[in-house]
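Thank you all for coming; I would like to take a few minutes to walk through one model with you. Please have the sequence and the structure open while I speak.

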Amino acid sequence: MKYTVITTIAGILLVSSSYGQKKPNIDSLVKESKKTEVWEPVPVMVSPGKSASDAPSDAIVLFNGKNLNAFQKKGGGLPGWKLDAQGILNVVKGSGDIETKEKFGSCQLHIEWRSPAAIAGDGQSRGNSGIFLMGKYELQVLDSYNNPTYSNGQAGSIYKQYIPLVNASRKPGEWQSYDIIFNAPRFFSDGKLQQPATITVFHNGVLVQNNVTILGGTEWIGPASYKNHADKESLIIQDHGMDGGNPVSFRNIWIRPL
């Protein structure tokens, strides 16, 4: 008898509680939601490549294996590097750096490179090159697979500034990739630095530089520092010269100005 009474009372309380709750006003909720909705501007449609390494529809293709029309020798003239029958761009040692004819500032850059399968030299002479954003800020290219050298000079380093978070290098002779997000520095009208450059780098899909602040133009000797320059400058790819190592190769280079 007591059990029946308790059960009945519990049921009455539950029903009363249910009727006591107000149903949500959907129209009111929709109005509140709209207060934080932003409809404009509408992002421009960009068609991605078939894979992460393929150029999206708004990219500028700098090299696709067909010609070197986007490049010149640093300072002007025909580039001295060799385009082989497979559409691979090979450094010719001692011929000098190459630079883009078009100038860029902040950008997304994809570039694929290969250290030579035939190993020659060691340390900094083994498959050495470099990618100079705006011609001044170097992301190191080096054969860093079982090749000891100073850590802020290995592959994936911002040369002499930042050690990569990890060593994601593939074996010599295997293709590697860099995907780079670069924010250009800004200068006041009097030439003083307003905002330093930053860079994020993925090496073979692995994050190796996480939005680090670049300390200035790359220097081999001495600390980096900023010097006023234009808002846009050429992208330079390095010929490391007659260092005793074998030359590096490149393919599939594209850029998206930001």
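What we are looking at is a predicted model, in which local features need pLDDT of at least 70 and side-chain atom pairs count only at pLDDT 80 or more, while totals for chains, interfaces and linings use all residues. Residues are numbered from 1 along each chain as its sequence is written, and side-chain values use heavy atoms, with hydrogens and water left out.

The mean pLDDT of the protein chain, that is, the predictor's confidence in each residue on a scale from 0 to 100, is 92, and 92% of the residues reach 70 or more. Over residues 1-10, however, the pLDDT is below 50, and this stretch has 0 contacts (heavy atoms within 4.5 Å) beyond near neighbours in sequence. Where pLDDT is low, the predicted coordinates should not be read in detail.

Turning to the interior, a nonpolar core here means a set of buried Ala, Val, Leu, Ile, Met, Phe, Trp, Tyr and Cys residues joined through side-chain atoms within 4.5 Å, where buried means under 20% relative accessible area, exposed over 50% and partly exposed in between, with a 1.4 Å probe and protein chains only. The largest such core has 40 residues, and among those that touch the most other members are Leu109, Phe182 and Ile253. Strand β6, residues 107-114, gives the most to this core, with 4 residues; strands here are DSSP runs of E with at least two residues, numbered from the N terminus. Leaving aside neighbours within four places in sequence, Ile253 is in contact with residues including Ile60, Phe71, Leu109 and Ile237.

Finally, the backbone, where most residues other than glycine have a negative phi, and most peptide bonds are trans. Glu40 and Pro41 are joined by a cis peptide bond, with omega about 0 degrees.
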